[in-house]
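Reader: I should like to go through this structure with you. Could you show it first?
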Amino acid sequence: MRATVIFILAVSSTACDTPPPEGEGGGTQANIIIDEPGQIAEPGDVVMKVNGYPVGRKETDHLFRQMGVPPDKIEEFMVSQMGYHILEDYALATALYRDAIAIELHKDPDVQLAL
């Protein structure tokens with residue numbers, strides 16, 4: 001379990017800190033800004049809640065753009081079977097990430113060394 005949380009912390013922190021690449025679709029890309037660990041400034045409209053934590057539309061759009069989904073196809077992809085499963089996985093990762101932040105796992109010297 002600890003290895004899973006460390007992995008999720010590493011993936012979540014790098015995925016959220018990295019601005020999305022310039023798209024070919026001509027649409028504007030929203031940058032996701034982290035004010036503090038576990039918090040995203042302006043996540044957008046709530047599309048789901050995970051253990052009471054809201055997951056915003058900007059987060060999910062960013063996730064799908066990172067996967068290569070064209071901006072004009074995100075809405076269609078989000079309601080597809082594959083999109084739904086990806087959102088479920090994202091919800092689980094989000095819950096684990098926020099739980100790890102809540103217990104301040106990121107301050108553990110062993111975790112810092114692993115990251």
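Author: One term is needed at the outset: pLDDT is the predictor's confidence in each residue, on a scale from 0 to 100. This is a predicted model, in which local features need pLDDT of at least 70, side-chain atom pairs count only at pLDDT 80 or more, and totals for chains, interfaces and linings use all residues. Residues are numbered from 1 along each chain as its sequence is written, and side-chain values use heavy atoms, with hydrogens and water left out.

Reader: What pLDDT does the protein chain average?
Author: The average is 74, and 64% of the residues score at least 70.

Reader: Where is confidence lowest, and where highest?
Author: It is lowest in helix α1 (residues 2-17), with a mean of 45, and highest in α3, at 91. The pLDDT is below 50 over residues 9-27, a stretch with 26 contacts in the model beyond near neighbours in sequence; contact means heavy atoms within 4.5 Å.

Reader: Which pattern does the chain follow?
Author: Along the sequence it reads α-β-β-α-α-α-α, with 5 helices and 2 strands. These are DSSP runs numbered from the N terminus: helices are H or I with at least four residues, strands are E with at least two.

Reader: How many of the residues count as buried?
Author: The share is 34% of the 115 residues. Buried means under 20% relative accessible area, exposed over 50%, and partly exposed in between, with a 1.4 Å probe and protein chains only.

Reader: And the strands: how many bridges join them?
Author: Strand β1 (residues 46-50) and strand β2 (residues 53-56) run antiparallel and are joined by 4 bridges; two strands pair if DSSP finds at least two bridges between them. Val 50 has Tyr 53 in β2 as its bridge partner. The two strands form a hairpin with 2 residues between them, and Asn 51 in the turn has a positive phi of about 50°.

Reader: Turning to Thr 60, is it buried or exposed?
Author: Thr 60 is buried, with a relative accessible area of 0%. Its place is in helix α2 (residues 57-66). Not counting residues up to four places away in sequence, Thr 60 touches Val 47, Met 48, Val 55, Met 78 and Leu 87.

Reader: How many aromatic pairs are there?
Author: The count comes to 1 aromatic pair. Phe 64 and Phe 77 form this pair, which is edge-to-face, at 5.0 Å centre to centre and 85° between the planes. The rule is that rings of Phe, Tyr and Trp (its six-membered ring) pair if their centres lie within 6.5 Å; planes under 30 degrees apart count as stacked, over 60 as edge-to-face and the rest as tilted.

Reader: What else is Phe 77 in contact with?
Author: Leaving aside neighbours within four places in sequence, the contacts of Phe 77 include Met 67, Val 69, Met 82, Gly 83 and Ile 86. Phe 77 itself lies in helix α3, and its C-alpha is 8.4 Å from that of Phe 64.

Reader: Which residues of α4 are buried?
Author: Among them are Gly 83, Ile 86, Leu 87, Tyr 90, Ala 91 and Thr 94.

Reader: What span should helix α4 have?
Author: The 22 residues of helix α4 (residues 81-102) should span 32 Å, and its end C-alpha atoms are 32 Å apart, which agrees. The expected span is 1.5 Å times one less than the number of residues. After α4 comes Glu 104, with a positive phi near 55°.
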